[in-house]
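Work through the following exercises with the sequence and the coordinates open side by side. Each task is followed by a solution that goes step by step.

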Amino acid sequence: MYNQENCKFAKTHEWAFIEGDTAVVGISDHAQHEISDIVFVELPKTGAKVEAGKRAAVIESVKSASDIYAPVSGEVIAVNDALTGDPALVNKAPHGEGWIFKVKMSNPAEAEALASYADYKATL
Amino acid sequence: MNNYPHNLLSIEKSVAGRRGVRFAPASKRAGDYLPAGLLRGEEPRLPQLSELDTVRHFSNLSRLNVGLDTHFYPLGSCTMKYNPKAYEALAAHDGFAAAHPFAPEQSAQGTLELLYKLEELLKAATGFDAFTLQPAAGAHGEFTGALMAKAYHLSRKDKARTEIIVPDTAHGTNPATAAMCGFGVISIKSAPDGRVDIEELKKALGPKTALVMLTIPNTVGLFEKDIKAIAPLIHEAGALLYMDGANFNAVIGTVKPAEMGVDIMHINTHKTLSTPHGGGGPGAGAVGVVKNLEEFLPQGRVAFDGKKYSFAKPSKRSIGAVKSFYGNIGVLIRAYCYLRQHDGQTLKEISQNAVLNANYLKALLQKHFPVFFDYPCMHECVFTLDAAKMNGVKTLDIAKRLLDMGFHAPTIYFPLLVPEALMVEPTETESRETMDNFAAAMIKIYEEAQTSPDLLHKAPQNCPVKRIDEVSAAREPDLHW
């Protein structure tokens with residue numbers, strides 16, 4: 001399974017766990033902490049095309065609504081439906097049960113441009 | 001202390017058979033003269049209370065109000081300035097308040113004249129060539145402005161302009177307006193000094209740009225000092241410049257937006273022009289435009305032929321109706337009163353005092369609460385927290401504790417780019433003594449954070465309703481109606 005160490009990070013605080021040409025996407029522990037108690041996750045639709053750096057999902061907390069950007073481009077092949085009933089999973093396990101969607105990458109080279117955990121951590 | 005049960009509805013206090021006034025029995029029953037089909041099957045379920053119970057119920061509810069008439073209300077971005085009572089009396093005048101919306105124009109000459117003259121006063125205060133007074137609020141004004149921008153580009157057969165550029169320091173309604181009007185939203189990051197990043201703007205501008213929406217001063221309380229350079233860039237790219245005038249209270253009397261190169265602007269009468277807002281009723285978002293956009297204004301403008309006032313026939317290119325009749329006329333009457341009471345010089349003093357008051361509070365509080373962008377601010381100031389010194393206390397805790405101390409809380413967690421934001425806008429109508437008291441309360445809270453942070457986590461304790469569990473309320477809403 002994925003954890004902070006084996007994920008890659010976007011500057012906008014999303015992580016991607018790369019396996020072959022697929023990427024599982026979520027938000028970092030730092031991001032969930034900043035967003036605070038999450039009350040709603042607007043998931044993308046399965047089959048939707050997402051573009052690296054463009055909005056793919058929305059997370060609402062008691063403080064604000066935040067856009068979640070796709071770290072890589074491709075087609076959404078799965079979404080975490082459990083978040084509809086229990087959005088707090090993103091707070092509890094941002095790198096586990098709180099994953100958001102899974103992408104079949106159209107341009108796997110994009111994943112190379114994402115930062116390692118150590119590099120991401122250094123920017124916080 | 002007031003132990004009256006504030007959390008019970010009048011129907012929950014009802015006791016069968018209890019009543020206030022006893023009327024003589026009716027000589028006729030409703031059934032004697034109404035058709036059977038119009039009669040109720042059963043008695044209406046109304047609260048049964050004595051007159052005293054009823055008086056106490058509503059008097060005590062009214063005492064729970066927190067409003068400008070009772071409290072300092074530094075709700076940043078909202079310009080909660082005092083609304084003079086004289087305007088209330090004038091707006092309630094029978095000639096205005098009792099007029100029927102379908103009354104013929106000859107019997108509504110006073111109302112029409114007021115609207116015509118209000119447009120003239122707004123033109124003088126902003127430099128624009130024409131106004132619509134129809135939009136019902138600021139965001140409605142934005143919507144009207146964006147529709148006019150669309151109509152303008154389409155009238156030139158320029159169909160490629162499908163995007164609106166919005167900096168991240170704009171009001172949240174700006175991107176919402178753009179999306180609502182069917183435009184793509186291009187968000188640009190602000191420069192490190194909190195203002196528009198001109199290089200980012202240049203990159204975003206192009207043949208697809210319909211409109212650039214700038215909030216001036218922006219949501220971090222800073223004036224767009226390079227506006228004279230920014231406006232020509234936008235026009236050279238073939239786009240229009242929209243100014244969100246929600247923060248106009250900081251510059252009215254000093255700056256005429258049309259002279260800065262702004263093409264369209266809304267002005268929130270319920271902020272800058274001292275008409276009531278919030279829970280107090282509707283607003284009005286008059287929209288001003290430069291000459292070449294006048295023909296796109298919505299219908300409902302007033303014309304004067306030298307003898308009588310009438311609703312003007314809309315131009316063929318008008319975007320049509322955005323509201324009905326006279327707009328939010330009760331609000332517009334108050335805005336007219338304000339502009340009649342204050343000439344150009346006093347408007348300038350008003351904005352200068354609004355800016356002075358915000359900077360005064362900034363100076364009083366800055367040692368305890370850092371300012372995110374540390375420049376002289378405009379009409380509002382955005383504080384943040386130094387996490388290392390706050391002992392786990394968050395902005396939310398501070399806002400709740402202020403309620404205990406008899407102040408309305410400032411705006412919190414906005415603007416979004418400031419962590420733990422606390423946005424304070426005192427307005428020009430507050431006295432130095434009031435601001436000193438507020439600053440003293442804020443500093444006391446800072447000290448409490450050092451000694452008894454739990455007190456803050458549990459605040460408010462002196463209010464009728466204690467700390468609300470916002471997370472559960474949002475995650476598991478329990479709705480009744």
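**Exercise 1.** Find which residue in β3(A) is the bridge partner of Glu14(A), and describe how β2(A) and β3(A) pair.

*Solution.* In this predicted model, the bridge partner of Glu14(A) in β3(A) is Ile27(A). The bridge belongs to the pairing of β2(A) with strand β3 (residues 22–27) of chain A, which is antiparallel and runs over six bridges; strands are DSSP runs of E with at least two residues, helices are runs of H or I with at least four, and both are numbered from the N terminus, while two strands pair if DSSP finds at least two bridges between them. The next step is the turn: β2(A) and β3(A) form a hairpin with two residues between them, and Gly20(A) in that turn has a positive phi of about 60°.

Residues are numbered from 1 along each chain as its sequence is written, and chains are lettered from A and ligands numbered from 1 in the order in which they are written. As the model is predicted, local features need pLDDT of at least 70 and side-chain atom pairs count only at pLDDT 80 or more, whereas totals for chains, interfaces and linings use all residues.

**Exercise 2.** Describe how strand β1 (residues 8–9) of chain A pairs with strand β2 (residues 14–19) of chain A.

*Solution.* The two strands pair in the antiparallel sense over two bridges, and in β2(A) the bridge partner of Lys8(A) is Ala16(A). The hairpin of β1(A) and β2(A) has four residues between the strands, and in this hairpin His13(A) takes a positive phi near 80°.

**Exercise 3.** Determine how the axes of α11(B) and α13(B) cross, and which residues make the contact.

*Solution.* The axes of helix α11 (residues 344–365) of chain B and helix α13 (residues 432–451) of chain B come within 10 Å and cross at roughly 30°, where axes are lines fitted to C-alpha atoms over the stretch in contact and angles run from 0 to 180 degrees between N-to-C directions. Therefore α11(B) is roughly parallel to α13(B), a term for angles under 35 degrees. From α11(B) the contact (C-beta atoms, placed from the backbone, within 7 Å) is made by Asn357(B), Tyr360(B), Leu361(B), Leu364(B) and Leu365(B), and from α13(B) by Met435(B), Ala439(B) and Met442(B).

**Exercise 4.** State how many residues of chain A are in contact with chain B.

*Solution.* Seven residues of chain A are in contact with six residues of chain B.

Definitions and conventions. Contact = placed C-beta atoms within 7 Å. Parallel < 35°, antiparallel > 145°, perpendicular 65-115°, else oblique.
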